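Hi there,

Here is the structure I promised to pass on to you.

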Amino acid sequence: MKVENIGLDALLSYDPYIIDSTSVNINYIDIDATGITLKGKGSATNLINDPYFDLGFSGSVDLTKLSGLFLKDSSMIAQGDLSLTLDGKFKGRDISLETIGNTQIYGELETNNLLVDIPQDSIYTKLENVKFSAQGSENIGASFEADSADITYKDIAQVSISKARASIKSAAENLSNDTTAIHPLAGNIGAQRLRVKLSDSTRIYASALSARASMLPSQKDSLTPVYLFSTSAKRLGYRDSENILSIRDANIRFNGKRRETDTTANVISVD
């Protein structure tokens, strides 16, 4: 690997007489090497006791160039590009599902074209114009967009999608085991084409698919969840070793509310 450029301006501070004085400030970092770039800046304070990070980085990876260096004698194929962006302000102790709502983190991963083929493990992935993003704050979420994706994982599953999108958003309290109220949760998925093949002969297929689901607190009682689900598809199908289901021009909507009727039973009421 050849390093074309490397730049770093950083300061490490430490005073043994002052508690929590250890810090690192990176005014900039700039690395340009064969198949890899990295740029950014950041700081970390109170490193010994309660570290706090303020970071902003971006980088890219050229898998085709790296494969030429490291996979010459391997049957594995890795080609394409990846770009990564990461921004965050958080304390080290808050990097967990229960406390992610105390952070401000945003990450983004993109590829124009990506091919990974590992024949000895029967793993194959081909992606075109894919973007994945995630954020952590009081509201957490993730989104996925792809022009096309073809994935094979051993003999377990094969997935093929085109013009796909998916997202999920939630209040951070859903991950912190907060039971004082029902916290909002919503997601959607859409695809021009979807094909799923599983090892147990299960097949799932859809075209012009759009589905949305959410869970919200009832306006009358914050402890009562209200469920909403809707889906539409030009064609929707399912098949396994015993069952076959095929629907054209599907349009399904469900509204439901769970209410506590006694200490032993829950009832779903459907509108």
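Does Thr202 count as buried or exposed, and at what relative accessibility? Thr202 counts as buried because its relative accessibility is 7%; buried means under 20% relative accessible area, exposed over 50%, and partly exposed in between, with a 1.4 Å probe and protein chains only.

Before going on, please keep in mind that this is a predicted model, where local features need pLDDT of at least 70, side-chain atom pairs count only at pLDDT 80 or more, and totals for chains, interfaces and linings use all residues. Residues are numbered from 1 along each chain as its sequence is written, and side-chain values use heavy atoms, leaving out hydrogens and water.

The protein chain has a mean pLDDT of 89 (the predictor's confidence in each residue, from 0 to 100), and 95% of its residues reach 70 or more. Over residues 261–271, though, the pLDDT is below 50, and this stretch has 19 contacts in the model beyond near neighbours in sequence (contact means heavy atoms within 4.5 Å).

Back to Thr202: you will find it in the loop between β10 (185–198) and β11 (203–217). Strands are DSSP runs of E, at least two residues, numbered from the N terminus. Leaving aside residues up to four places away in sequence, Thr202 touches Val196, Lys197, Tyr238, Arg239 and Asp240.

Now try Gly40, in strand β3 (residues 36–45). Gly40 counts as buried, because its relative accessibility is 17%. Tyr28 lies 12 residues away along the chain, yet the C-alpha atoms of Gly40 and Tyr28 are separated by 5.6 Å. With residues up to four places away in sequence not counted, Gly40 touches Tyr28, Ile29, Gly56 and Phe57.

Happy exploring!

How values were computed
Helices (H or I, at least four residues) and strands (E, at least two) are DSSP runs, numbered from the N terminus.
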